[in-house]
Amino acid sequence: MPKEPLRLIRAALTGEDAEQYERLMGYPVKVLQIGEGSFLRGFADWMIHRCNKQGLFEGGVAVSQPRPSGAAKLAELKRQDGLYHQWIRGLQGGKTVDELELVSVFSRMIDPYEEWGEFLALADGPELEAVVSNTTEAGLTYQPSEWAPDHPVLSYPGKLAVFLHRRFERFQGDPASGLLLLPCELVERNGDKLRDIVLRHAQDWGLPEAFSKWIREHNRFLNSLVDRIVTGYPEAEAEERLAELGVEDRLLNAAEPYHLWAIEGEPELDAVLPFARAGLNVRWVDELQPYQLRKVRILNGAHTLIASVGLLNGLSEVREAVEHPVYGEFIRGAIMDEIVPMVPLPEEEMRRYAEEVLERFANPFVRHKLADISLNSLSKFKVRLLPTLEAYVERTGELPPRITQAFASLLRLYRARETDGGYAGSRLNGEPIALRDDPEALAELAALWAGVDRGERGMTELVAELLSRSAWWGRDLNEVAGLREALADALTRMEAMAE
């Protein structure tokens with residue numbers, strides 16, 4: 001009979017892994033983490049583990065889930081004594097990376113809904129230095145609640161406000177007791193937003209002004225941008241990979257090699273969180289905006305372009321699109337010749353970043369679905385690609401041909417018709433594609449395209465109507481010279497191909 005795999009727990013560790021875990025158990029808790037999911041485990045926790053292995057940090061992480069629904073994952077972490085394997089695989093510098101590493105950073109796993117007292121007691125620890133969070137964009141929202149410090153607050157900012165008030169009282173407002181707060185949620189100026197919500201709770205609850213002053217002056221809410229594709233448990237390959245190790249790990253976590261954490265703060269903060277000293281791609285920067293701009297314009301812009309062109313023409317995944325003999329060249333040309341030159345940052349640096357992006361897109365271990373990327377494509381086009389199109393016209397006096405084609409592809413993909421469950425568009429081959437976007441916008445699109453089918457308007461009239469929707473684009477795009485005619489021509493050709 002085959003040997004049963006060992007369960008990944010503390011007792012199963014040997015050698016260097018066992019020694020590292022024992023050191024962890026002797027470390028104080030230096031980080032409170034709100035978020036038990038795959039991303040933080042493949043990003044911040046992996047980084048802290050790397051720092052500990054080099055003897056640079058010597059701190060443990062107490063992890064807690066932001067919502068009651070995260071209890072199952074937290075329980076799994078408890079069953080595995082906080083241990084899991086991080087699988088880094090993909091392309092980097094033209095070479096294949098395939099590394100599996102046991103991560104041991106969690107010294108406490110606390111369910112705030114069942115162990116609220118233990119959660120708040122972490123605020124009393126003099127060694128605590130930072131709070132890291134990833135609660136999704138919806139987690140950084142204000143939700144009114146009553147002041148009841150003996151009971152768990154549902155929202156993350158509410159929990160944090162009670163937690164910080166406990167720390168304020170424990171250390172009598174000592175400036176040195178303030179913390180670094182690092183939200184990883186994909187929200188612009190995420191640190192500022194989290195601070196403002198905490199202060200709003202303090203005001204609503206009538207907490208002393210001295211507490212609010214301590215929050216503002218002695219706690220650093222750092223704006224940051226995170227960038228790494230973490231795909232979580234690799235269902236298809238997990239069994240074989242773990243069989244080689246002879247262990248059962250239900251928290252095996254896969255991620256790409258690339259990682260970037262840009263944090264708006266002085267480099268001296270690396271003395272507290274020594275990520276850069278550990279050789280990680282963490283940058284303490286004066287201004288976060290350039291990093292956000294290049295990510296939105298190049299990486300996110302390319303994703304939106306690939307999704308519309310790829311889905312319309314029968315493709316399903318990012319890697320499939322960038323390796324396609326026709327569309328691969330189209331995508332590369334759009335990025336290098338149209339997007340990169342329009343980013344108002346040093347072009348050589350942007351080209352290096354773009355090459356990294358293309359290599360990440362070609363990662364053979366990541367199956368990034370175009371259907372997932374296409375969610376809310378109207379608003380994504382407005383933010384990610386429209387500024388590039390407008391800058392290109394302003395600089396050259398011409399339309400960027402590939403981005404214009406992508407715009408037409410989006411409008412054709414959104415040839416909406418109402419279905420039982422919402423709205424569907426279609427590929428050029430007639431295969432339906434579920435559309436997930438603003439319902440009112442999809443209803444307008446369905447009505448406008450229906451008018452074309454009934455012969456009530458031609459393609460130029462349709463495009464003029466679509467471009468006039470300032471609510472979608474921020475202004476009437478009929479004002480962009482030549483855009484209406486170019487889109488109408490492209491859509492006419494597409495319709496002919498689809499017939």
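Are Phe 168 and Trp 214 buried or exposed? In this predicted model, in which residues are numbered from 1 along each chain as its sequence is written, local features need pLDDT of at least 70 and side-chain atom pairs count only at pLDDT 80 or more. Totals for chains, interfaces and linings use all residues, while side-chain values use heavy atoms, with hydrogens and water left out. Phe 168 is buried, and Trp 214 is buried as well, where buried means under 20% relative accessible area, exposed means over 50%, and partly exposed lies in between (1.4 Å probe, protein chains only).

A pair of aromatic rings is described by the distance of the centres and the angle of the planes. Rings of Phe, Tyr and Trp (its six-membered ring) are taken as a pair if their centres lie within 6.5 Å, and planes under 30 degrees apart count as stacked, over 60 as edge-to-face and the rest as tilted. The structure holds 14 aromatic pairs. In one of these, the ring centres of Tyr 84 and Phe 106 are 6.2 Å apart and the planes stand at 35°, so the pair is tilted. Because Tyr 84 lies in strand S4 (residues 83–92) and Phe 106 in strand S6 (residues 106–109), the pair ties together parts that are 22 residues apart in sequence; strands (E, at least two residues) and helices (H or I, at least four) are DSSP runs, numbered from the N terminus. Tyr 84 counts as buried because its relative accessibility is 0%, and Phe 106 is buried with a relative accessible area of 1%. Phe 168 and Trp 214 also form a tilted aromatic pair, with 5.6 Å from centre to centre and 55° between the planes. This pair links distant parts of the chain, since Phe 168 belongs to helix H6 (residues 156–170) and Trp 214 to helix H8 (residues 209–218), 46 residues apart. Elsewhere, one aromatic cluster is formed by Phe 39, Phe 43, Trp 261 and Phe 275.

Charged side chains are also found over aromatic rings, an arrangement that requires NZ of Lys or CZ of Arg to be within 6 Å of the ring centre and within 35 degrees of the ring normal. The charged end of Arg 41 sits over the ring of Tyr 84, at 5.0 Å from the ring centre, and the charged end of Arg 170 sits over the ring of Phe 171, at 4.9 Å from the ring centre.

The packing of helices was described by axes, which are lines fitted to C-alpha atoms over the stretch in contact, with angles from 0 to 180 degrees between N-to-C directions. Helix H10 (residues 289–312) packs against helix H13 (residues 347–361) at an angle of about 40°, and their axes are 10 Å apart. That angle makes H10 oblique to H13, given that angles under 35 degrees count as roughly parallel, over 145 as roughly antiparallel, 65 to 115 as roughly perpendicular and the rest as oblique. H10 passes H13 in a right-handed crossing; a crossing is right-handed if the near helix is turned clockwise from the far one by less than a right angle, and left-handed if anticlockwise. Residues that make the contact (heavy atoms within 4.5 Å) include Ile 298, Ala 302 and Ile 306 of H10 and Tyr 353, Ala 354 and Val 357 of H13.

H10 also meets helix H12 (residues 327–339), the axes coming within 11 Å and crossing at roughly 145°, and this crossing is right-handed. Among the residues that meet are Ile 298, Ala 302 and Ile 306 in H10 and Phe 330, Ile 331 and Ala 334 in H12. The axes of helix H15 (residues 377–384) and helix H17 (residues 401–413) come within 11 Å and cross at roughly 165°; H15 and H17 are therefore roughly antiparallel to each other, and their crossing is left-handed. Their contact is made by Ser 377, Leu 378 and Phe 381 of H15 together with Ile 403, Phe 407 and Leu 410 of H17.

Individual residues were also examined. Leu 466, in helix H19 (residues 459–467), counts as buried at 0% relative accessibility, and Leu 466 touches Leu 411, Leu 445, Leu 448, Trp 472 and Trp 473, not counting residues up to four places away in sequence. Glu 237, in helix H9 (residues 235–245), counts as partly exposed at 32% relative accessibility and, with the exclusion of residues up to four places away in sequence, touches Trp 87 and Arg 89.
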